[in-house]
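Subject: Structure for your review

Dear colleague,

My notes on what was found in it follow directly after.

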Amino acid sequence: MIDDRPALNLESSMPSMRVRTSSVLAASLVLALTAGPLAAPAFAAPATATGATATHRPDGPDAKALRAALATVPDEHATAALVRVGGSDGAWRGSAGVRDLASGRPAHPNAAFRAGSITKVVTAATVLRLAARGDVDLDAAVQDYLPDLFTPEFDKPISVRRLLNHTSGIPAGDGLGDDFAELYAHRFDTLTPREDVATAIAKGPEFDPGKQQHYLNVNYTILGFLIEKVTGHSYAVEATRLVLRPAGMSHTYFPGTDPRVRGPHNRGYQAVKRPDGTTELLDVTEWNQADRWAAGDMISTTADLERLITSLFRGEIVPRPQLEEMFTTPAGLPEATMSAGLEYKKVGDQVFWGKSGSRYGYSTLMGGTRDLSRTLVCSVNDTDAKSTAGNPVLDAITVAALKQSAPAGSRP
């Protein structure tokens, strides 16, 4: 039987430190999806596979499980997948799938992609750096910084910290549509962040500040306005100066109104049902994401996001006192899992801090243990990237990435 899947590109390397890690990542950290069976087009990729595995300790990343997680790609759930597992107990790299459906060429292992809401990690870090140097007071009301943004209905002070941890009570904006078909029709139109936030403010408060945690883009869009107000520079300039450049993220940028993904990239697709019940894959790579801005407009690579999570957790981007905000959930809300830019989940006997993000055609996950014993960055070219159901490819990668190799001589 001929295997027509594209090549898996794999490499592994292991440092000398030994650290135990957790075995599973809960689904709440994975913004993943599901899609119906593909009717067309068929995948036609080279029937080859290559890889090299270095000698590694038994408690390092499970290379076999990671290969198995990528072995089905491309399939109805994903057309490509990129994975980087790192940390003090070892490293593993892999890619699978196709660069585009038309050519069937193997996926580019260092491709750029839309990182979606992982942009919020950069925005939070930028605000916290400004707080560290005294330009922003986290306890001050955002109404004092941006008095012209709010209507009189927002009469209760909303602290900057409440924007960071999604307890502001500001509702969502309207966007350019309510479903994929409507949004796709407007994919090259520009909705400015100001216009989007104006529709949110016009609705009045959703709840009193601090009473709930409701994850919404509007909080981070307003933080983008705050960054520009206190620095006098654009959000992109300040985020690049204060976060991207110090982290060494040379392949990460903010496209603004440019609908393209610059540089090598794997194309993104959305599965859409036809009237006859079959499924069509629409190319959604080109899309004007200007309204996502400081909440979700960033384009990056797995290597750059690994640099971000590593340098951030080491305290090299945000000074230690302010960095604690990224590992602190709001007081008085025991069910809250989100902090300033991150979200946590208990995984076995450890806590995994990370962030997921999705834009049509692309789903991404970035995170790790606070001691950096294990980190994970993965990007999946998801065929239903805004679904709330679980994507088997993302789930399998996540489980495999946080699973230790079995000690030599142990039973499977």
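Two strands are said to pair if DSSP finds at least two bridges between them; strands (E, at least two residues) and helices (H or I, at least four) are DSSP runs, numbered from the N terminus. This is a predicted model, in which local features need pLDDT of at least 70 and side-chain atom pairs count only at pLDDT 80 or more, while totals for chains, interfaces and linings use all residues. Residues are numbered from 1 along each chain as its sequence is written, and side-chain values use heavy atoms, with hydrogens and water left out.

Strand pairing around S10

Strand S9 (residues 343-347) pairs with S10 in the antiparallel sense over five bridges. Within this pairing, Glu343 has Gly354 of S10 as its bridge partner. Two residues lie between the strands in the hairpin of S9 and S10, where Gly348 takes a positive phi near 65°.

S10 is also joined to strand S11 (residues 362-369), by eight bridges, and the two run antiparallel. Ser356 stands opposite Leu365 in S11. The hairpin of S10 and S11 likewise has two residues between the strands, and Gly361 there takes a positive phi near 95°.

The largest pocket

A pocket is an open set of points on a 1 Å grid over the protein atoms alone where a 1.4 Å probe fits, with protein on both sides within 12 Å along at least five of seven lines; lining residues have an atom within 4 Å of a point. The largest pocket holds about 940 Å³ of space, the volume being that filled by probe spheres set on the points. It is lined by 40 residues, of which Asn217, Arg292, Ser358, Arg359 and Lys386 are the closest to its centre. S10 gives the largest share of this lining, four residues.

Nonpolar cores

A nonpolar core is a set of buried Ala, Val, Leu, Ile, Met, Phe, Trp, Tyr and Cys residues joined through side-chain atoms within 4.5 Å. The largest has 67 residues, and Leu164, Ile222 and Met326 touch the most other members. Helix H2 (residues 119-132) supplies the largest share of this core, eight residues. A second, separate core of 24 residues includes Ala65, Val347, Ala400 and Leu402.

Yours sincerely

Terms used:
Buried < 20%, exposed > 50% of the residue type's maximum accessible area, 1.4 Å probe, protein only.
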